[in-house]
Every structure is written in structure tokens, then in C-alpha cells.
Amino acid sequence: MKILIVEDEIKTGDYLRQGLTEAGFVADLARDGLDGLHLALNGDYDLVVLDVMLPSLDGWGILQTLRRNNRAMPVLFLTARDQVEDRVRGLELGADDYLVKPFAFSEFLARVRTLLRRGRSQEPEMLRSANLELDLLRRRVTRCGQRIDLTAKEFALLELLLRRKGEVLPRSLIASQVWDMNFDSDTNVIEVAVRRLRVKVDDPFEPKLIRTVRGMGYVLEAMEPA
């Protein structure tokens, strides 16, 4: 499970990242509001832990932008702003929980796990586009009813494309989400992976779903199932 922490207090941010990592999560840390918003919009996070008072863009603005862009991941406000009106504002803007500093890490972790369980219960079991289906529970891919065997990386790549179908995904995003690495323009690992995926899920079938957008990245066409 991937968690984004947006926190400008150095000690608090490092403490949260270390604690979540030791608890078995993948935790990214942004210390600036605009950086946090960029990561939240472009990363595939299961939860965002958000401070209110941040450089360049406050937590209210980040949350409003996320919800306007239909990013539905749970958001936990973690802030020193303890007034009732602040809590009400956060929840009305679309936050899922609100925890006031100072806090006990055990309570913070319990709230994180509760939000993640709630988020998983709302996850779709099946991702679809046209006659392509990806079963998240059985880890199975079919097209036109035919079973397609994929490697773990190919499955992860197809899952990312389907979750963000209709959206052009830059190579840097694919590299970070599927391979957990920074994009290196000298490597062709992404092109090779996309080519192999196409051979399996696109070449034998119609319509063609995976498209290259030259100079930008790749997109899986958002087509309604037949």
C-alpha cells in the first residue's frame, strides 16, 4: 500500500515516513504543497496524509484540487489546527479523517489502517475496456473470453493503464508506478514492456486499445464493454 505524506515540518515528516515504512507501507514524503499536489495527482496512492499549513499551497487547496480532479483516495488531515471550524471545513471539503497534533503514533497508525480497509472495500473487482477484462481478485486477464497469461510486471502495467484509461501516462509515471524507479531516458525497458503487452492483449484482437502518443507516453483507450 502506497501512502503520500505532505508535511513541511522536517522532524514530523521524517518520523511519519519512518514509522509507516517500519509498519510495512511504501511512504513518499513531500515538504511543499505544490510538490505534494503534483505527486497526489500523478501517483497511484492509496492514502494521503495532509498537513494544512504548507509552503506554496495549503492543505485545503490540495484537497479541493484532488476532489475536483476526481481523485477519490482517502485523505487524512494531520495538523495543529484544532478548532472545531477547522475540522468541519476539512471534512466538508472531502477529507476522510482529521487528527490533531500532537498525536500518538499508535492512534495515527490505527486511523491509517481503518481508512485503507475502507478504501479497499470500495475497490472494483474488475477493470474493463471494450472486450478486455482484468480480474483484480483472481489476478486474471481475458479478452473476448480468452485467457491471457501475463508476467507480474505486465499485469501491473496493464492494471495501471486500465485504472487510468483515457489518460496519457508519461514514461516517468509508468517507471515510478510499475518499476518503482526514476525514469532513465537511455533505457528502453518501458517500450519493451509495452510492446510485449501489446503482442498479448492487442495484436490478436480488435479494437486496438493501447496507443502511443508520440513524445508524451501511452494511453489505453476508454471504450465501453460491448
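**Exercise 1. The side chain of Thr-79**

Task: In this predicted model, find which backbone nitrogen lies 3.1 Å from a polar side-chain atom of Thr-79. Then describe the surroundings of Thr-79.

Solution: 
- Step 1. The backbone nitrogen belongs to Arg-81.
- Step 2. Thr-79 sits in strand β4, which covers residues 75-79.
- Step 3. Check accessibility. Thr-79 has 1% relative accessibility, so it counts as buried. The cut-off for buried is under 20%.
- Step 4. List the contacts, leaving aside neighbours within four places in sequence. Thr-79 touches Asp-51, Val-52, Tyr-98, Leu-99, Val-100 and Lys-101.

**Exercise 2. The salt bridge of Lys-101**

Task: Which residue meets the side chain of Lys-101 in a salt bridge at 2.7 Å, N to O?

Solution: 
- Step 1. The partner is Glu-7.
- Step 2. Are the two residues buried or exposed? Both Glu-7 and Lys-101 are buried.
- Step 3. Follow the backbone onward from Lys-101. The peptide bond from Lys-101 to Pro-102 is cis, with omega near -10 degrees. Pro-102 is in the loop between β5 and α5.

**Exercise 3. A helix and a strand, linked**

Task: Describe the salt bridge between Arg-111 and Asp-97. Assign an accessibility class to Arg-111 and to Asp-97.

Solution: 
- Step 1. The side chains of Arg-111 and Asp-97 come to 2.9 Å, N to O.
- Step 2. Arg-111 is in helix α5 and Asp-97 is in strand β5, so the bridge ties together parts 14 residues apart in sequence.
- Step 3. Arg-111 has 23% relative accessibility, so it counts as partly exposed.
- Step 4. Asp-97 has 18%, so it counts as buried.

**Exercise 4. Glu-167 and its partners**

Task: Which two residues form salt bridges with Glu-167, one at 3.9 Å and one at 2.8 Å? Then find the network that salt bridges build around Glu-7.

Solution: 
- Step 1. At 3.9 Å, between the closest N and O atoms, the partner is Arg-71.
- Step 2. At 2.8 Å, N to O, the partner is Arg-164.
- Step 3. Classify Glu-167 and Arg-164. Glu-167 has 27% relative accessibility, so it is partly exposed. Arg-164 has 10%, so it is buried.
- Step 4. Turn to the network. Salt bridges with shared partners join Glu-7, Glu-9, Asp-51 and Lys-101.
- Step 5. The whole structure holds 20 salt bridges.

**Exercise 5. The two domains**

Task: State the bounds of domain 1 and domain 2. Then characterise the interface between domain 1 and domain 2.

Solution: 
- Step 1. Domain 1 spans 2-119, and domain 2 spans 126-220.
- Step 2. Their centres, taken over C-alpha atoms, are 29 Å apart.
- Step 3. Count the residues in contact. Domain 1 contributes six and domain 2 contributes five.
- Step 4. Take the area. The two domains bury about 430 Å² between them, with 30% of it on carbon and sulfur atoms.
- Step 5. Look for specific links. One salt bridge is counted between domain 1 and domain 2. One residue pair is in polar contact across the interface, with both residues at pLDDT 80 or more.
- Step 6. Sort the domain 1 side. The residues there that touch domain 2 are one nonpolar, two polar and three charged.

**Exercise 6. Backbone angles**

Task: What are the phi angles of Ser-56 and Ala-130? Also describe the peptide bond between Glu-206 and Pro-207.

Solution: 
- Step 1. Ser-56 has a positive phi of about 75 degrees, although it is not a glycine. Ser-56 is in the loop between β3 (47-50) and α3 (59-68).
- Step 2. Ala-130 has a positive phi of about 55 degrees and is likewise not a glycine. Ala-130 is in the loop between β6 (126-129) and β7 (132-135).
- Step 3. Ala-130 has a relative accessible area of 9%, so it is buried.
- Step 4. The bond joining Glu-206 and Pro-207 is cis, with omega about -5 degrees. Pro-207 is in the loop between α8 (189-201) and β11 (210-213).

Definitions and conventions: Residues are numbered from 1 along each chain as its sequence is written. This is a predicted model: local features need pLDDT of at least 70, side-chain atom pairs count only at pLDDT 80 or more; totals for chains, interfaces and linings use all residues. Side-chain values use heavy atoms; hydrogens and water are left out. Domain bounds come from an automatic or database domain assignment. Contact means heavy atoms within 4.5 Å. Buried area is the accessible area (1.4 Å probe) that two parts lose on being put together, summed over both. A salt bridge is a side-chain nitrogen of Lys or Arg within 4 Å of a carboxyl oxygen of Asp or Glu. A polar contact is a pair of N or O atoms within 3.5 Å; within protein, one must be able to donate a hydrogen and the other to accept it, and residues adjacent in sequence count only if both atoms are side-chain atoms. Ala, Val, Leu, Ile, Met, Phe, Trp, Tyr, Cys and Pro count as nonpolar, Asp, Glu, Lys and Arg as charged, and the others, Gly among them, as polar. Buried means under 20% relative accessible area, exposed over 50%, partly exposed in between (1.4 Å probe, protein chains only). Helices (H or I, at least four residues) and strands (E, at least two) are DSSP runs, numbered from the N terminus.
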